[in-house]
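Biologist: Before I use the labels in your annotation, I would like to hear what stands behind them. Please set each one against its definition.

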Amino acid sequence: MKRLFLSGGGCLLVAALFCALLTPCAATAQPDVMTPELYAQLRAVHDVAISPDGNLIAYTLVVPRNPFVEEDGKAHYHLYTVDRNGQSRAWVTGEVRATDPAFTPDGRYISYLAERDEDDHDALYVIPVAGGESRKVIEFATEIKAYAWAPNSREVAFLAKDSLPDEIEKLEDMGFDQEIYEEDWQPVRIWVLDTDDSAGAPRRLEIDGSARELHWSPEGAYLATTIAPTPLVDDRYMFRKVTIVDPYTGTVVRQYDTEGKLGDLAFSPDGQHLAFVAGVDINDPKEGELWLVTVDSDEITKLVTDFDGHVARVGWKDNETVMFLADVHVHTGLGRVKTDGSDMTMKRFDDGPVFRYLKIAADGNTMVLRGSDYN
C-alpha cells in the first residue's frame, strides 16, 4: 500500500507524519491471508503535491470499483489533503478520476484534472483551499495531459494534442473510430492561457516536435520541457531533449544534447540551474544519472559520480543544494549534493519503505515522499 511521509527542517530523516489509508474492511478483524476479495479493495496513494508553505499535502487516492456492485471499469481517483497532524480531508470523491493535483503558487487553490459532468475529455479544475466548490478553468478540444502554473498563479501552461483534421472527425462520426497503432498520431503541443482573461483563448507555442514535461522557472521567464521528434514510442523513450522555451514567444532558448532516456527535472529556486535525470548514453537501459545545466550555457555536468545507485527523482533545497531520491540496491536512499558536485550525503532507508516520489515545498525545508512497504 502506498502511503505519504513528510520530512521537515531540512534534514534527511523522514519524520513520523503518516497517512493511514483504510480499506472498507479496516474496521473489522484483519484476516491472516490475502484473498482476491481483499486485493480488489486495496487503496493506494497515487499523485502527490505539497503546498508552497509546506503545511498541506494534496494527494489522490486510488479507489477500486467494487467488483460485486459496480460495473467493470477503471478505478476512481479521489482528491484529499492531509495536514502536519495527519488529519485528512476529502475534497473530490465519488465516481470521478481526479488526477495530477497541484497547488497554485500563491497557495490559494488546489487544481486537478478530471472528466466531470458534460466534459468530453479531462479538463482543468480548481478548488479553493479556504473551502468552496470546484470551478472549471480550462475545457480544451482534446484531453489535457499535464499542466503547470506560472509563478504569478494566473497563467497556466498545459499539454494537449492537436485536434484531428475535419475529414478524420467526420469519419469518426460515421463510426470509423478504430485506433491504428502509431499511425493516427498527433503531436503533443504546449499551450499557455491567462486564466484572468475570461475572453482569452490558449496560445499554442509553435515548437517542432512533441512535448512531454512542463516546469516554469521560478521567476516565470522560461518553461522547461522535453521535446521528442514525434510522439511515437521510440522517439518518446530514446530521443527526447531537455529544452528551455520562452513561454511568451515560443522561442527555443536552449536545447541540450543528451542521449537516451530522460526522467525527472527541476529548476533551482533562482531559476539559474536545471537538474535532471538521464541515462549515461543511448545504450543505457534506463535513466538514472543526475545531471546539471546552467540555463545560459550549453555545458552539461554529471553531478554525482562513483555512486552505486540509480537516481529516480530530483528537487532543490536551495540554490546550491540538489536533493534526489535514488534506488540503492533493493532499498531507497535520499541524498543531497552541492551544485559543484561536493558534499554528497545519503540517508538510506534499509529498514523502511521503498520510496518512488519526491516533492519539495517552496521553503526548501519540507518534502513529501510517497512510499510502500510489504505491510
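Predicted model: local features only at pLDDT ≥ 70, side-chain atom pairs only at ≥ 80, totals over all residues.

Modeller: Residues are numbered from 1 along each chain as its sequence is written, and side-chain values use heavy atoms, with hydrogens and water left out.

Biologist: What makes β10 and β11 a pair?

Modeller: Strands are DSSP runs of E with at least two residues, numbered from the N terminus, and two strands pair if DSSP finds at least two bridges between them. Between β10 and β11 (residues 155–161) there are 5 bridges in the antiparallel sense, so the pair meets the definition. One of the bridges sets Ile144 against Ala160 in β11.

Biologist: Why are β10 and β13 called edge strands?

Modeller: They belong to an open sheet of 4 strands, antiparallel, in the order β10-β11-β12-β13. β10 (144–149) and β13 (203–204) each pair on one side only.

Biologist: Why is β16 described as largely enclosed?

Modeller: Buried means under 20% relative accessible area, exposed means over 50%, and partly exposed lies in between, with a 1.4 Å probe and protein chains only. In β16 (residues 223–228), 6 of the 6 residues are buried, so the strand is largely enclosed by the rest of the structure. Leu223, Thr225 and Ile227 point one way and Ala224, Thr226 and Ala228 the other, all of them buried.

Biologist: Which strands pair with β16, and how do you know?

Modeller: By bridge counts again. β14 (residues 210–211) is antiparallel to β16 with 2 bridges, and Ser210 stands opposite Ala228. β15 (residues 215–216) also has 2 bridges to β16, antiparallel, with Trp216 opposite Leu223. β17 (residues 241–245) is joined to β16 by 5 bridges, antiparallel as well, and Thr225 faces Thr243 there. β15 and β16 form a hairpin with 6 residues between them, and Gly220 in the turn has a positive phi of about 85°.

Biologist: What makes Lys136 and Glu139 a salt bridge?

Modeller: The rule asks for a side-chain nitrogen of Lys or Arg within 4 Å of a carboxyl oxygen of Asp or Glu. For Lys136 and Glu139 the N to O distance is 3.1 Å, so the pair qualifies. Lys136, at 32% relative accessible area, is partly exposed, and so is Glu139 at 48%. By this rule the count comes to 14 salt bridges.

Biologist: How do you know that the salt bridge of Asp298 and Arg254 links distant parts of the chain?

Modeller: The N to O distance between Asp298 and Arg254 is 2.8 Å. Asp298 sits in the loop between β21 (289–294) and β22 (300–302), Arg254 in β18 (residues 252–255), 44 residues apart. Asp298 has a relative accessible area of 54%, so the label is exposed.

Biologist: What does the salt bridge of Asp327 and Arg356 tie together?

Modeller: The closest N and O atoms of Asp327 and Arg356 are 2.8 Å apart. Asp327 lies in β24 (residues 321–328) and Arg356 in β27 (residues 354–360), so parts 29 residues apart in sequence are tied together. Arg356 is partly exposed at 42%. A network of salt bridges links Asp162, Arg189, Arg204 and Glu206.

Biologist: What makes a set of residues a nonpolar core?

Modeller: The members must be buried Ala, Val, Leu, Ile, Met, Phe, Trp, Tyr or Cys residues joined through side-chain atoms within 4.5 Å. The largest such core has 16 residues, of which Leu159, Ile190, Leu205, Leu214 and Leu223 touch the most other members. β10, β11, β12 (188–194) and β16 each give two or more residues, and β12 gives the most, with 3.

Biologist: Which residues is Leu214 in contact with, leaving aside neighbours within four places in sequence?

Modeller: Contact means heavy atoms within 4.5 Å. The partners of Leu214 include Ala146, Tyr147, Phe158, Leu159, Ile190 and Leu223.
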